[in-house]
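Dear colleague,

Here is the structure I said I would pass on. My notes on its side-chain packing follow below it.

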Amino acid sequence: MKPFGLFNSKKSTRKQPSGDDSDPPPSPQHAHHYHQSRPSQSQSQSPSPSHAAPSRSEPASPIKPSTGPSRKSSRPASPGRTQREPPKPRPSRSFGRHSADSRRSKHDTDIHPLNLPPDEREKRLSAMSERSSFDKMDVDKENSAQPPSSPPAPQPQKSFSVPITSPTNGTKPEANGEGPAPPPHRSNPSSPVPSEAEQAEGYKSLGNKSFKDRQYKKAIKEYTQAIELMPDSPTYLSNRAAAYMSDGQYDAALEDCSRAVDLDPQNPKFLLRLARIYTNLGRPDEAITTFSRIHPPPSAKDMAAAREMQHHMKAAQDALNSGTSGSMVLHAIDQAEKLLAPGATRPRKWQLMRGNAYLKMGGLNSLGEAQNIAMSLLRQNNQDPEALVLRGRALYAQGENDKAIQHFRKALSGDPDFKDAVRWLRIVQKLDRMKEEGNADYKAGRWQAAFDKYTSALEIDPSNRGTNSKLLQNRALCQLKLKDYDGAIADCERAVSLDPSYTKARKTKANALGQAEKWEDAVREWKKIHELDPEDRTIMKEIRRAELELKKSQRKDYYKILGVSKDADEPTIKKAYRKLAIIHHPDKNRDDEGAAERFKDIGEAYETLSDPQKRARYDSGEDLIDPSEMFGGGGGGGMAGGIDPEILFSMMNGGGAFGGGGGGGFPGGGFPGGGFSGGRPRAQGFPGGFHFG
């Protein structure tokens with residue numbers, strides 16, 4: 001080993017060519033000694049064909065045995081390296097420049113492939129690609145690569161590594177002394193495994209691209225992959241919230257954006273997005289609160305929709321609480337709903353307010369709409385106490401109190417402290433009790449007691465239009481029995497105003513008008529009822545009866561002339577006649593021109609009412625019937641269509657009809673001068689016709 005020290009003391013002054021990785025060649029006088037100092041190399045490796053002729057350009061293979069020190073590259077050493085190893089003995093100077101150049105041959109693995117001739121470079125690259133794998137970046141550390149050469153393969157070496165320390169690949173030599181990673185221009189280099197943060201950022205970039213392309217579902221999927229890798233990233237959550245918004249999934253957007261704001265409470269971008277989500281979902285109060293957290297404050301344009309929505313909902317709530325018409329509540333809610341995002345679900349609170357507005361309106365169609373809203377909410381949650389109370393109130397307003405009580409009790413079973421359910425359950429139960437007590441008094445003939453019970457029941461729930469209309473009709477029946485006709489008419493009118501389709505109240509009103517002897521109004525009311533219910537045949541009968549009474553009311557009222565009631569007996573009628581005859585006798589009232597006419601009316605009234613048959617015909621209205629209405633076509637052509645058969649038969653059976661009396665003629669009258677008359681002739685009668693007295 002001494003000769004190596006001698007050779008190391010002398011260094012060649014020849015400048016190395018650029019790109020040459022070999023050390024400078026030795027002087028000629030030391031070449032022979034150099035070859036003798038390396039006997040192991042000649043024994044361990046067969047000589048290449050270039051050793052037979054020194055003048056050829058291919059020197060011996062520079063591969064060193066594993067027993068000797070590894071040959072180091074002349075490339076720049078790593079920063080941690082402080083000393084350069086001593087140079088190795090060089091071959092004879094006779095090789096000169098040609099020997100140095102021969103180190104770049106295809107057998108020298110230290111020479112970079114790009115520094116080889118084209119044909120050798122292709123062979124070198126193909127050999128390197130065969131050794132490398134797609135998923136392995138470093139060279140094989142177990143076995144050294146076999147140099148591509150035509151000579152016989154050298155003996156396998158125990159350890160070998162490519163001494164490449166190029167700073168361009170950005171890697172450091174491994175601590176175990178093995179060769180560093182190859183340069184980046186190798187064929188099929190393997191990429192380093194990216195971290196979770198890098199992978200998440202890649203998914204985020206893909207999501208941003210899909211979002212710009214309006215592929216929102218794909219963007220959601222890619223943002224989700226990023227969030228799975230980085231679950232606490234507010235940026236990824238906010239981005240996915242934006243994709244959810246664009247895809248119409250506002251509830252999911254709210255959840256993501258809320259988490260993002262929790263992770264980064266002061267981020268103005270996240271807060272602005274959260275406020276917009278609240279606005280789109282119909283939660284203006286929360287949106288305004290979120291806007292107030294943004295610094296600097298957002299523009300008026302950003303807050304306009306939330307403020308307008310808040311204004312409309314406040315107006316709807318005020319109208320609902322103040323008792324104004326339900327239509328005002330519906331209008332305000334409709335204006336607020338126009339500001340919701342397309343496809344957004346109507347807030348549950350708004351639906352309940354709409355249902356209460358329909359209850360306030362109270363019509364049949366409105367009650368049906370309230371029930372539809374309640375059923376829609378119950379399909380989402382059949383234990384929703386507010387929806388159960390809403391449907392119970394609709395049933396109660398329609399008079400189905402038993403079903404309403406069931407719904408109120410079901411709401412209390414889910415929430416025993418729900419005040420609305422407790423309140424309405426007590427109202428319905430109390431109202432039912434008062435109504436039943438009033439019905440019992442009416443059936444027992446205690447008219448005044450029944451009237452008082454119905455009045456108390458009306459004070460329980462003034463807002464219930466359907467139930468109160470029935471209570472008013474029942475109280476009107478009590479007033480008819482008490483002969484308070486005006487009060488009965490007023491109650492019926494109130495009942496109809498609460499429920500225009502309540503036919504029973506209209507009939508009670510028509511009867512009250514008749515008993516109050518307002519027959520013209522009674523006829524008009526019965527005709528209105530017939531228009532509402534043309535299938536009811538009894539209404540036509542009532543119309544004919546009222547028309548007859550109207551005719552009777554338009555003739556002279558004998559009872560009124562005598563000043564007696566319609567149920568007065570004969571002595572009372574006679575007493576009243578004598579008294580009035582004395583007062584209005586023409587001899588005592590010579591200066592009064594109307595006295596004679598009054599005296600005549602008093603006589604006619606007494607003559608009719610003092611005779612039982614005449615009085616019966618007068619009371620039944622027979623004297624008002626035109627004979628041409630009874631017999632058509634002259635000579636027994638049959639009954640005319642204008643006479644109700646029931647009225648005609650009642651006239652016949654009541655003594656004011658055919659038969660009876662001598663001779664089989666018309667009782668109590670006949671043709672003037674006898675004829676078919678079975679009684680005495682009368683001065684009064686129809687000219688040339690039947691004589692009814």
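**Thr 279 and its surroundings**

In this predicted model, a polar atom of the Thr 279 side chain lies 3.0 Å from the backbone oxygen of Ala 275. Thr 279 belongs to helix α10 (residues 268-280). With a relative accessible area of 7%, Thr 279 falls under the 20% limit and is therefore buried. Setting aside residues up to four places away in sequence, Thr 279 touches Ala 287, Phe 291, Ala 305, Ala 306, Met 309, Leu 339 and Leu 340.

**Nonpolar cores**

The largest nonpolar core has 57 residues, and those with the most contacts inside it are Val 329, Val 389, Tyr 396 and Phe 408. Helix α16 (residues 385-397) gives the largest share of this core, eight residues. Beyond its neighbours within four places in sequence, Tyr 396 is in contact with Asn 401, Ala 404, Trp 424, Ile 427, Val 428, Leu 431, Asp 461, Asn 464 and Thr 467. There is also a second, separate core of 34 residues, and Ile 227, Tyr 250, Ala 260 and Ala 287 are among its members. Ala 287 is also one of the residues that Thr 279 touches.

**Aromatic pairs**

Searching the whole structure gives six aromatic pairs. In one of them, Tyr 442 and Trp 447, the ring centres are 5.2 Å apart and the planes are at 70°, so this pair is edge-to-face. Tyr 442 has a relative accessible area of 23% and is partly exposed; Trp 447, at 26%, is partly exposed as well.

Tyr 559 and Tyr 618 form another pair, with ring centres 6.1 Å apart and planes at 50°, so it counts as tilted. This pair links distant parts of the chain: Tyr 559 is in helix α25 (residues 558-562) and Tyr 618 is in helix α28 (residues 612-620), 59 residues apart. Tyr 559 is buried, at 3% relative accessibility, and Tyr 618 is buried at 5%. Ring pairs join Tyr 558 to Tyr 559 and Tyr 618 in a cluster.

**Charges over rings**

Which ring does the charged end of Arg 423 sit over? The ring is that of Trp 424, with the charged end 4.6 Å from its centre. Trp 424 is also among the contacts of Tyr 396. Elsewhere, Lys 470 lies over the face of Tyr 502, 5.6 Å from the ring centre.

Regards

Methods: Residues are numbered from 1 along each chain as its sequence is written. This is a predicted model: local features need pLDDT of at least 70, side-chain atom pairs count only at pLDDT 80 or more; totals for chains, interfaces and linings use all residues. Side-chain values use heavy atoms; hydrogens and water are left out. Rings of Phe, Tyr and Trp (its six-membered ring) pair if their centres lie within 6.5 Å; planes under 30 degrees apart count as stacked, over 60 as edge-to-face and the rest as tilted. Buried means under 20% relative accessible area, exposed over 50%, partly exposed in between (1.4 Å probe, protein chains only). Helices (H or I, at least four residues) and strands (E, at least two) are DSSP runs, numbered from the N terminus. A charge sits over a ring if NZ of Lys or CZ of Arg is within 6 Å of the ring centre and within 35 degrees of the ring normal. A nonpolar core is a set of buried Ala, Val, Leu, Ile, Met, Phe, Trp, Tyr and Cys residues joined through side-chain atoms within 4.5 Å. Contact means heavy atoms within 4.5 Å. A polar contact is a pair of N or O atoms within 3.5 Å; within protein, one must be able to donate a hydrogen and the other to accept it, and residues adjacent in sequence count only if both atoms are side-chain atoms.
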